[in-house]
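Here is a short briefing on one protein model. Have the sequence and the 3D view open as you read.

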Amino acid sequence: MVTYLNNLNYNREVTSNKKRVIILFASSWCIACEEILPKYERWAEEYADQLEFKVIDIAKNKHLVKKFDVATALTFIIMEGKTVITRFAGMQTDETFKYFITRAWKKPPQGGFLILSIIWFRYIL
């Protein structure tokens, strides 16, 4: 299940959550965001034992966008409590999404920002 976040429910749904959380920063004007939402909902079912899936509308929640220094729609942030584990951005395939989820479990918490395009990802494989 995907939960939409705002300034009112953010603390309850993310920082007080006992599970790791993945947040998708998206917007209704973003065509790519609208395309990825069905995948995101499917991933929410597939990875429900590992993560809780959240969405923040960047047009309606500027405070949260600024808090996380999000520069573009289609930014994903994985968090544990108040700690950012990893960040990635752009359209994701099932393979690239799984890569980032797996990577988040192998690395200690850190706040680095990673943008990995699908073309580049496939090139290095």
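Accessible areas here come from the Shrake-Rupley method with a 1.4 Å probe. On that basis, the accessible surface of the protein comes to about 7,200 Å². Carbon and sulfur atoms make up 56% of that surface. The model is predicted.

**Overall build**
- The protein has five helices and five strands.
- Read from the N terminus, the elements follow the order β-α-β-α-β-α-β-β-α-α.
- The protein has 125 residues, and 49% of them count as buried.
- Take the contacts with a separation of 6 or more: 67% of them link residues 24 or more positions apart.

**The sheet**
- Five strands form an open sheet in the order E1-E3-E2-E4-E5. The pairing is mixed.
- Strands E1 (2-5) and E5 (83-89) each have a single partner strand, so one side of each lacks a neighbour in the sheet. These two stand at the edges.
- From one strand to the next, the twist averages 25 degrees.

**The E4–E5 pair**
- In general, strands of a sheet pair through backbone hydrogen bonds, either parallel or antiparallel.
- E4 (residues 75-80) and E5 run antiparallel, joined by six bridges.
- Which residue of E5 stands opposite Ile77? The residue is Arg87.

**A helix across the sheet**
- Helix H4 covers residues 94-106.

Notes
Residues are numbered from 1 along each chain as its sequence is written. This is a predicted model: local features need pLDDT of at least 70, side-chain atom pairs count only at pLDDT 80 or more; totals for chains, interfaces and linings use all residues. Side-chain values use heavy atoms; hydrogens and water are left out. Two strands pair if DSSP finds at least two bridges between them. Helices (H or I, at least four residues) and strands (E, at least two) are DSSP runs, numbered from the N terminus. Axes are lines fitted to C-alpha atoms, for helices over the stretch in contact, and angles run from 0 to 180 degrees between N-to-C directions. Contact means heavy atoms within 4.5 Å. Buried means under 20% relative accessible area, exposed over 50%, partly exposed in between (1.4 Å probe, protein chains only).
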